[in-house]
Amino acid sequence: MHIDILSLFPKMLEGFFTNSIMARAVEKGVVSYRITDWRSYATDRHHSCDDVPYGGGAGMVLKCEPLSKALEDLDARNRRVVFPTPSGRLFTQAYAQELSREKDLIFICGHYEGLDQRVIDTYVDDEISIGDYVLSCGETSTTVIIDALFRLIDGVISSDSLQDESFSDGLLEYPQYTRPESYCTKSVPDVLLSGHHERIATWRDFRMLEKTMLSRPEVLVRASLDQDRRRRLIELIERTKG
């Protein structure tokens, strides 16, 4: 996958691509990237990229000309362009999986009151919200989206590691433990030390249902539950009532 990012503050993004799992993905050639400071496309002496909104109101709006020139240089009309914005479609694991199948993406990092709508109408394919809140810069939300999707690309993370993650099958992930067996008066559940794989699998599935029910009950409405999971969920509900 190749990723182009248009940003007015490229230094905010550099560390993301040069550390941890992303750095290894870049080194292996699984992911390539380019960060473009679209301020360089502004032609006035102050390299202005924003102006006051028509119709009045607080804040500034990102201008058409510099950003459009940068997008044209990237052949954006023939590529999938993503604009993170609070007013976009909600980002989900399924959406991340969809984007991870793309070979080529462009991200626009917004600021201030947002982009001139004409840029969105002309170039943007996906307006994506990472949640019901507002951030001060698009670089943050852009890295969130990229982090969620690039790890789903073959060769970045082993498929076994992705299998039981939260939302991979519609539920939240079960609790995890490692050494030591006892810490601060709390011990690892006995079943995880038993070596009994079937019991461990049952325990983990039960805890996934429990975690989802307590933390994100609305997710259960969308989840596809087989007969065993329905039975376990009923047990959990009965326990809670008791």
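Q: What does Arg216 count as, and at what relative accessibility?

A: Start with the cut-offs: buried means under 20% relative accessible area, exposed over 50%, partly exposed in between (1.4 Å probe, protein chains only). At 30% relative accessibility, Arg216 is partly exposed. This is a predicted model; local features need pLDDT of at least 70, side-chain atom pairs count only at pLDDT 80 or more, and totals for chains, interfaces and linings use all residues. Residues are numbered from 1 along each chain as its sequence is written, and side-chain values use heavy atoms, with hydrogens and water left out.

Q: Which side chain meets that of Arg216 in a salt bridge?

A: A salt bridge is a side-chain nitrogen of Lys or Arg within 4 Å of a carboxyl oxygen of Asp or Glu. Here the partner of Arg216 is Glu218, at 2.4 Å from N to O. Glu218 is partly exposed, with a relative accessible area of 36%.

Q: How many salt bridges does the structure hold?

A: It holds 14. One of them joins Arg77 and Glu72, whose closest N and O atoms are 2.7 Å apart. Arg77 is exposed at 55% relative accessible area. Glu72 is partly exposed at 38%.

Q: Is the pair Asp205 and Arg232 buried or exposed?

A: Both residues are buried. Their closest N and O atoms are 2.7 Å apart, in a salt bridge. The pair links distant parts of the chain, 27 residues apart: Asp205 sits in helix α9 (residues 197-215) and Arg232 in helix α11 (residues 227-241). On element names: helices (H or I, at least four residues) and strands (E, at least two) are DSSP runs, numbered from the N terminus.

Q: Which residues are linked in a network of salt bridges?

A: Look at Asp4, Arg34, Arg79 and Asp104. Salt bridges link these four in a network.

Q: Which residues of helix α4 are buried?

A: In α4 (residues 93-100), the buried residues are Tyr95, Ala96, Leu99 and Ser100. They lie on the same side of α4, because they cover an arc of only 140° around the axis. That arc is taken from the directions from the helix axis to the C-beta atoms.

Q: What covers the buried residues of α4?

A: Read the cover through contact, meaning heavy atoms within 4.5 Å. The cover includes strands β5 (80-90), β6 (104-108) and β7 (126-129), and helix α6 (138-150).

Q: How much space lies in the second largest pocket?

A: Rolling a probe the size of a water molecule over the atoms shows where empty space is left. A pocket, on a 1 Å grid over the protein atoms alone with a 1.4 Å probe, is an open set of points with protein on both sides within 12 Å along at least five of seven lines; lining residues have an atom within 4 Å of a point. The second largest pocket has about 330 Å³ of space. Its volume is the space filled by probe spheres set on the points, which are joined across faces, edges and corners.

Q: Which residues lie nearest the centre of the second largest pocket?

A: They are Pro84, Thr85, Pro86, Val134 and Leu135, out of 20 lining residues. The elements giving two or more residues to this lining are β5, β7 and α6. The largest share, 4 residues, comes from β5.

Q: What is the lining of the second largest pocket by class?

A: It has 10 nonpolar, 9 polar and 1 charged residues. Ala, Val, Leu, Ile, Met, Phe, Trp, Tyr, Cys and Pro count as nonpolar, Asp, Glu, Lys and Arg as charged, and the others, Gly among them, as polar.

Q: Which residues does a cis peptide bond join?

A: Most residues other than glycine have a negative phi, and most peptide bonds are trans. The cis bond here joins Arg179 and Pro180, with omega about 5°. Pro180 is in the loop between α7 (159-163) and β8 (182-183).

Q: What is the phi of Asp75?

A: It is near 55°, a positive value in a residue other than glycine. Asp75 lies in the loop between α3 (64-73) and β5. Asp75 is partly exposed, at 39% relative accessibility.

Q: Where is Cys184 found?

A: Cys184 is in the loop between β8 and β9 (186-187). Its phi is also positive, about 55°, although Cys184 is not a glycine. At 55% relative accessibility, Cys184 is exposed.

Q: How far apart in space are His197 and Val61?

A: They are 57 Å apart, C-alpha to C-alpha, and 136 residues apart in sequence. His197 lies in helix α9. His197 is exposed, at 66% relative accessibility.
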